[in-house]
Amino acid sequence: MNQIPDEKQAASAEKRKKKAQKNKMKNERLLNKVRKNRWWISFLMFFIIGSLSIVIFFSLMIGFFIYALNSRVGAEYEMISAMGKTYEHASSPEEGYAYLNEEGIEYIIEDSDGNIIHIEGEDTRAPESGVLNLDEDKKIIVYPDINNKVLYLSEDNEMDFSIRFLYDDKVKESGNTGINRISDDLELPIWISSDVKDGSEKLIAKSVIIVDHKDIYIVIAIVGGFCLLVLICFIIIIINMIRGIIHRKQVNTLIFVDRITMSHNQTWFRFRGEQLLKKKRNSRYNYAILECCFVKYRNYCIAHSVEDGEMVIRSIDEIIHESLTKHELSTHNGAAHFALLLRYGSDSDLGSRVDEMIRKLENIGNNQKFAFHIGIDKLPAMTDENGRLKRREDIDIEHEYNNACAAAATLDESDDSGIAYFNEQLVEEQKWLDIVQTNQYLALEKEEFVVYYQPKYDPRTNELKGAEALIRWNSPEYGFISPGRFIPIFEKNGFITEIDHYMITHVARDQKKWLDMGFSIVPVSVNVSRAHFIESDLAEQILKMVDDAGAPHDKIEIELTESAFFDDKKAMISTIKKLKSYGFSVSMDDFGAGYSSLNSLKDMPLDVLKLDAEFFRGDDDDTDRAEIVVSEAIHLAKNLNMKTVAEGVEIKDQVDFLAKQGCDMIQGYYFAKPMPGEDYVKRMTN
């Protein structure tokens, strides 16, 4: 039998596993982002984008301004070129000079060697000339004016406008900026050269580029408006960033802070714990994951109040944190659970430290002593095959904490404080638990559960008077499994009710089959778990199963454990009466195993009382007292019109004693062990 029933189910399980791992990784990435909270990255990105926007804007404004100036220079050049053509067509130089003078400009006529032929006005050209490139086909020779350097000369002898309107030292000293302001208009003088008479002469005219004050104001307004817009956007973004930081802190509080203790919670413990354990410098230290459980916390809250219980939880948290060192962690996890990550030297040091912690925790109550269960999973320093320390790279703190919880769970039956360590035995137990729960339904479907019968004999006549049906599991993969390895698991996970149905059905079928074969059948008792008695129609369920099999009712006995009588007594009595009305007999199993109540015998209309096997075991010194108790129990049952069955009888002296006391049946190894149906049939025929 395979642990996974078939390939389709295996593929489905693998798919679910991968999906769960994917979701876990996704959640971890999301929590990492929330936890890191790198708000400064957003601020830096905004600063970079904002700065680039300002630079681009001003570059565009400057480019536009320079383009406008260059366009005006081009227009001036065209005008001077036209004047030069008029000068060329004059009949004499004097006539040409007269024409140029009429234009009212300052100009200079040079020959091809740069000698001045004629000058009108003052020569204020800078000594250097340059080329102003308006486009590929138009290159203008320009001279900056010494009184106002609105142009500058580049390394490759090209001219460009200087937005800064620089003054040289002489201009600054004289206080003459060379800029004339008329109604706040800006005049920028330059000298423009144009070839005349086929290049034998040059007309160099002084031109004044006028920048209208309205244009300046428009530019200033646009720049100011943009700066104001950027400032407003900056303020809005800063406000949103501050709100975002506050919101992130609130989210961190919700995600990483425990509501009761107001310290870190289990989510933070997982992230921070894995960080500590994976650090290289911590690989040389022994660590331990602890699960600390406050025993009976719910009872304390019921007796006092939830608020008082939470106050105790906060006190526990404070005491635990006081005992931690720098490289250790603790967090409240769930109602009354705490997760701890401790560093330790030796096992004895760890044990002593945990004992001291329990001692402090037990005495936090004013007038009562609390109890704590602590499970420990040790994580010693790791070494490679060469004996060198290595990092805990693949550590899964949730898995290790689950191991600690599994160790603590072994203490659940105790109300006293205790410590349990996780070990390989627990691993094997958990693996077996998983195997049983994985295969239980498939085993039921394939009828791998086998009914064994243990005969009951009359101690006076050695005659077969009855039998008890017992279950075994014959697994093709795991072999023959005793009930002690799976029945307790079924009782905890609720599958025991399915086993009850299975046993009643198979016993009824066997009884019907043997009856049809002509055997003289005797009543067979079948155990019904206490979990079944919460169902109000239990008697009807049993009736239907037996009737479907066609077995006589009086040959089926329903066995109840003594512990079941301490549940819902009213429902129990109702179910027993129904079963008896349908013709079934009802017995109490393990009478004397617990704290038997005589009131139960008084109220319950039982047919058979089964004496627990422990009555017949023990020291010789206790034999007399045991015999007195057994004798009185048998007499009490007879007085209540109940038959008695003694379980676990193994020696002849016990048989003789029980026969003398009037015990009706004996079930034990003295007469027979539990056996398969085939062997039981042989007993019936004998």
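Lys512 is partly exposed, with a relative accessible area of 28%. Its side chain meets that of Asp516 in a salt bridge (3.3 Å, N to O). The model is predicted. The structure holds 24 salt bridges.

**Salt bridges**
- Asp516 and Lys512 are four residues apart in helix 13 (residues 496-516), so about one helical turn separates them.
- Asp516 counts as exposed, at 53% relative accessibility.
- Lys378 forms a salt bridge with Asp347, and the closest N and O atoms are 3.1 Å apart.
- Lys378 lies in strand 13 (residues 372-379) and Asp347 in helix 9 (residues 347-362), so this pair ties together parts 31 residues apart in sequence.
- Lys378 is partly exposed at 32%, and Asp347 is partly exposed at 45%.
- Lys610 forms a salt bridge with Glu468, with 3.0 Å between the closest N and O atoms.
- That pair links distant parts of the chain, 142 residues apart: Lys610 in strand 21 (residues 608-611) and Glu468 in strand 16 (residues 464-475).
- Both Lys610 and Glu468 are buried.
- A network of salt bridges links Glu468, Glu559, Lys610 and Glu647.

**Strand 12 and its partners**
- Strand 12 (residues 337-344) has seven of its eight residues buried, so the rest of the structure largely encloses it.
- Strand 10 (residues 286-294) pairs with strand 12 in the antiparallel sense over eight bridges.
- Here Glu291 stands opposite Ala339.
- Strand 11 (residues 329-332) also pairs with strand 12 in the antiparallel sense, over four bridges.
- Ser330 has Leu340 as its bridge partner in strand 12.

**Nonpolar surface**
- A nonpolar surface patch of about 780 Å² includes Phe47, Ile56 and Leu60.
- Leu60 is found in helix 2 (residues 39-88) and is exposed, at 58% relative accessible area.

Conventions:
Residues are numbered from 1 along each chain as its sequence is written. This is a predicted model: local features need pLDDT of at least 70, side-chain atom pairs count only at pLDDT 80 or more; totals for chains, interfaces and linings use all residues. Side-chain values use heavy atoms; hydrogens and water are left out. Buried means under 20% relative accessible area, exposed over 50%, partly exposed in between (1.4 Å probe, protein chains only). Helices (H or I, at least four residues) and strands (E, at least two) are DSSP runs, numbered from the N terminus. Two strands pair if DSSP finds at least two bridges between them. Patches are made of residues with over 30% relative accessible area and no salt bridge: like charges are joined within 9 Å, nonpolar side chains (Val, Leu, Ile, Met, Phe, Trp, Tyr) within 5 Å. Accessible areas come from the Shrake-Rupley method with a 1.4 Å probe; for residues, only the protein chains shown count as cover. A salt bridge is a side-chain nitrogen of Lys or Arg within 4 Å of a carboxyl oxygen of Asp or Glu.
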